[in-house]
Amino acid sequence: MTDVRVWAEEREGNVILLTWGWPDELDSTRDREEDARTIAATVGVLAGVSSASPDEDGIAVIYDPDAISRQEIAGALRSALALEDDLKQRSNEMLRRLPKYASLAASIALDDRMSPAPEFARQTALRRSAGPMRVIPGFPLLAQIHAIIPMMRALSAWSRTSSPEDVELHFRKAGLSREQLDRDLATAHEAVAYARALAASTTARVAARATEAAGQARSFTRDWLQKQQERRDRTD
């Protein structure tokens, strides 16, 4: 993504503010709120980043400068904006890979070299003994994502603390990669952020409609009472 310009402003306490800009001919075609969610989710899963959250100025990132550089964070921002598939497509692809992530966790749990096996791996192995994990038709997407984020976070942490040889072996057996895991974890966080924003927007619209309806009811009541009073006055 060569068209976007990126700035990383240093702030106090190992915080940087990420901002970005598009050429004029592209700026009007971008949804800045959507871009911010994608960037925050992508940067937030990087090793060395504690949090990445949108604010009115850009993306506030808390990071460990000994673990990751500003250049690497800026590179992740560019990668986020270069994604071709929208959130719905990426979420669907992520959910199709759930059996592979379950297989990866079970493989770790059954590896004698991983002793003791991480708790998430033991629990996943127990679930798999009753059958493979499947995407359940009609089951709410957000509920599924909430359920898998802890497992994916644990897998990501395991991949960074275990030996590279063991990590490569287990990822290869599952048909995955650490890069794919990080992208899917970012997608999961982005989907949750989108759902929250949508719920807040829906609540605001419902509240506005309720306020409008209440105002109309009060106006109707006043008109009715006035007409009743006018009828009484004519009768008298």
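**Strand pairing, cores and salt bridges in a predicted model**

Pro 54 stands opposite Ile 59 of strand 4. The model examined here is predicted. Strand 3 (residues 49–54) and strand 4 (residues 59–63) pair in the antiparallel sense, over 5 bridges. A hairpin of 4 residues connects strand 3 to strand 4.

The largest nonpolar core contains 27 residues. Those with the most contacts inside this core are Tyr 101, Leu 104, Ile 145, Leu 155 and Phe 171. Two or more residues each come from helix 4 (87–96), helix 5 (98–109), helix 7 (141–161), helix 8 (164–174) and helix 9 (178–235). Helix 7 gives the largest share of this core, 7 residues. In soluble globular proteins, nonpolar side chains tend to be buried together.

Contacts were then listed for Tyr 101, leaving aside neighbours within four places in sequence. Tyr 101 is in contact with Met 151, Met 152, Leu 155, Leu 176, Gln 180, Leu 181 and Asp 184.

Ser 103 is found in helix 5. Its relative accessible area is 27%, so Ser 103 is partly exposed. Ser 103 and His 170 are 67 residues apart in sequence. In space, their C-alpha atoms are 9.3 Å apart. Ser 107 is also found in helix 5. Ser 107 counts as buried because its relative accessibility is 13%, under the 20% cut-off. Leaving aside neighbours within four places in sequence, Ser 107 is in contact with His 170 and Lys 173. The side chains of Ser 107 and Lys 173 are joined by a polar contact of 3.4 Å.

The whole structure holds 9 salt bridges. One of these pairs the side chains of Arg 90 and Glu 190, at 2.9 Å from N to O. This pair links distant parts of the chain, with Arg 90 in helix 4 and Glu 190 in helix 9, 100 residues apart. Both Arg 90 and Glu 190 are buried.

Arg 37 forms a salt bridge with Glu 33, with the closest N and O atoms 3.4 Å apart. Both residues lie in helix 2 (residues 32–44), 4 residues apart, about one turn of the helix. Arg 37 counts as buried at 14% relative accessibility, whereas Glu 33 counts as exposed at 53%.

In helix 8, Arg 172 and Glu 168 are 4 residues apart, about one turn of the helix. Their side chains meet in a salt bridge of 3.4 Å, N to O. Arg 172 is exposed, with a relative accessible area of 52%. Glu 168 counts as partly exposed at 45% relative accessibility.

Key. Residues are numbered from 1 along each chain as its sequence is written. This is a predicted model: local features need pLDDT of at least 70, side-chain atom pairs count only at pLDDT 80 or more; totals for chains, interfaces and linings use all residues. Side-chain values use heavy atoms; hydrogens and water are left out. A nonpolar core is a set of buried Ala, Val, Leu, Ile, Met, Phe, Trp, Tyr and Cys residues joined through side-chain atoms within 4.5 Å. Buried means under 20% relative accessible area, exposed over 50%, partly exposed in between (1.4 Å probe, protein chains only). Contact means heavy atoms within 4.5 Å. A polar contact is a pair of N or O atoms within 3.5 Å; within protein, one must be able to donate a hydrogen and the other to accept it, and residues adjacent in sequence count only if both atoms are side-chain atoms. Two strands pair if DSSP finds at least two bridges between them. A salt bridge is a side-chain nitrogen of Lys or Arg within 4 Å of a carboxyl oxygen of Asp or Glu.
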